[in-house]
Amino acid sequence: MESWLFLLLILAIAYWGRNMSLIIATVVVMIMKLTPMTTKWLSLVGSKGINWGVTIIPGWIAIIAGIAVAILSKYGIDQLANVPQITVMLVLGTIIGVVLFKGVAAGPVIASGMTYLIVSLFNLHY
C-alpha cells in the first residue's frame with residue numbers, strides 16, 4: 001500500500017510540475033503493478049534500470065554527435081570550396097593536434113565545418 005501512495009505522490013508532483021516523461025513513467029509502473037507476474041520485471045527494472053538508462057543516454061548523445069558532425073562536414077565542404085586558402089591552415093592545425101596533443105586526425109572537412117561554425121557565430125568573414 002505504501003508503494004501506491006508513493007507512486008500517487010510522484011504522479012501528483014509530476015502533474016503539478018507538468019513533467020510529461022515522469023507522468024508516463026509513473027503510469028507505466030502503476031500499470032505494471034496491476035498486472036500479474038510483474039514482480040520479477042519490477043525487481044529487474046529496479047536493479048538494472050539505472051544502467052539501462054545511462055546506456056540509452058550515451059546512445060542518444062552519440063546519435064546527436066553523429067548528426068552534428070555530418071552537418072558540420074556539409075558546411076566544411078562549402079567552406080573549403082569558397083575559401084580554399086584555409087586548407088593549408090586546417091592541415092597544419094590537424095598536424096599540430098596529432099603531434100603535440102596526441103590527437104587523432106579527424107579530417108580537414110570536419111575542422112572546416114567547425115571553423116565555419118565559429119566564424120558564423122562571431123560574425124567573422126574573410
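**Surface and pocket**

Author: M89 is exposed, with a relative accessible area of 53%. Exposed means over 50%, buried under 20%, and partly exposed in between, with a 1.4 Å probe and protein chains only. This is a predicted model, where local features need pLDDT of at least 70, side-chain atom pairs count only at pLDDT 80 or more, and totals for chains, interfaces and linings use all residues. Residues are numbered from 1 along each chain as its sequence is written, and side-chain values use heavy atoms, with hydrogens and water left out.

Reader: In which helix is M89 found?

Author: Helices are DSSP runs (H or I, at least four residues), numbered from the N terminus. M89 lies in α4, residues 86-101.

Reader: What is the volume of the largest pocket, and which residues line it?

Author: A pocket is an open set of points on a 1 Å grid over the protein atoms alone, where a 1.4 Å probe fits, with protein on both sides within 12 Å along at least five of seven lines; lining residues have an atom within 4 Å of a point. A volume is the space filled by probe spheres set on the points, which are joined across faces, edges and corners. Here the volume is about 190 Å³. The lining consists of L7, I10, L22, A25, T26, V29, M32 and V45. Helix α2 (20-34) is one of the elements that give two or more residues to this lining, and α2 gives the most, with five.

Reader: Is M20 buried or exposed?

Author: M20, in helix α2, is exposed, with a relative accessible area of 53%. M20 and M89 are 48 Å apart in space, C-alpha to C-alpha.
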